[in-house]
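Let's take a look at how a ligand is held by a protein. Have the sequence and the 3D view open as you read.

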Amino acid sequence: MPVTDYLRTRFFPQIWCSGCGHGQIMGGLVRAVEELGLDKNNVVIVSGIGCSSRMPGYLDFHTLHTLHGRALAFAAGVKMGKPELNVIVPMGDGDATAIGGNHLIHAARRNADLTAIVMNNNIYGMTGGQSSPTTPLSAKSTTAPAGNLDPSFDLVELAKGAGASFVARTTTYHATEMQQIIVKAIKHKGFSFVEILSQCPTYFGRKNRGGSPTEMMKRFAEMTTPVGSAKKKENPELLERGIFVDEDRPEYSSRYFEHIQRVRGK
Ligand SMILES: Cc1ncc(C[n+]2csc(CCOP(=O)(O)OP(=O)(O)O)c2C)c(N)n1
Ligand code: SF4
């Protein structure tokens, strides 16, 4: 099926600023679904609120645009009601790890069979560039004009610590890698967590002299290295990309239904 069949082009042009990374991530997601040959009636996209969370408006699957930070709670409900569906949850770093941080750690702990895609642009884009839990120390934002005082979360470590059974990181610069990782994340049975570094030229870029969207993407290439590469040993500042965790563990809905059968004595 051509990728355009997965898009609601009647709602184009989309709202993202030119050069925003979120559209590239939507492209990667659509190509991953196409590569997997999924029936679009079996795919559900559930989001909260944010620039990143606008994605369900443009994707021609079953879609839910819910409350800021609550996408995983709605998604978990969809999965429990219809366990056969592929439930994919695009989120921003604020949506997933500030207001939605509790839902994230508990969905990971339970190993709910959801695919969480966190578009990390290090800032709250939609509301005007406030600091988020991934704004780097000393970086500038609307709420930290003299530099951010708070240390930032390493989202891969957060997801690993919370018990996600699939954890990966990539960037908008690495388009092919992004698609491959999303394919694996969707195929994975259990909680898949994918962090994708995404450029917000309008707020994070402008406030931190990030330059053009292309320059911001080039920086993703310079600041990252494949997981386990020798470069990381030479330069510990580099951020690793790739798949960090890929474990086979029973996912939540099957465990839940087995539990119910047991309790009923069947
Ligand atoms: C309960 C609630 N609190 C706050 C907001 C305002 N709000 C909307 S989007 C957003 C943050 C968006 O940042 P992020 O999730 O990182 O996504 P981005 O826009 O950067 O893609 C906030 C604080 C809201 N809509 N609902
Ligand atoms: S404000 Fe930032 S995150 Fe939002 S659409 Fe514009 S570039 Fe993208």
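Here is a quick briefing on ligand 1 and on one serine.

This is a predicted model, where local features need pLDDT of at least 70, side-chain atom pairs count only at pLDDT 80 or more, and totals for chains, interfaces and linings use all residues. Residues are numbered from 1 along each chain as its sequence is written, ligands are numbered from 1 in the order in which they are written, and side-chain values use heavy atoms, with hydrogens and water left out.

**Around ligand 1**
- Ligand 1 has 17 residues around it, each with a heavy atom within 4 Å of it.
- Cys-51, Ser-52, Gly-94, Asp-95 and Gly-125 are the closest ones.
- Helix α4 (residues 93–97) gives the largest share of this shell, three residues; helices here are DSSP runs of H or I, at least four residues long, numbered from the N terminus.

**Polar contacts** (pairs of N or O atoms within 3.5 Å)
- The side chain of His-22 puts an N or O atom 2.9 Å from an oxygen atom of ligand 1.
- Asp-95 uses a polar backbone atom, 2.8 Å from a ligand 1 oxygen.
- For Asp-93, a backbone N or O atom is 3.4 Å from an oxygen of ligand 1.

**Ser-253**
- Look for Ser-253 in helix α11 (residues 252–263).
- Ser-253 counts as buried because its relative accessibility is 3%, and buried means under 20% relative accessible area (1.4 Å probe, protein chains only).
- Between Ser-253 and Gly-161 there are 92 residues in sequence and 21 Å in space, C-alpha to C-alpha.

Terms used:
Polar contact = N/O pair within 3.5 Å; in protein donor to acceptor, adjacent residues only side chain to side chain. Helix = DSSP H or I, 4+ residues; strand = E, 2+ residues; numbered from the N terminus. Buried < 20%, exposed > 50% of the residue type's maximum accessible area, 1.4 Å probe, protein only.
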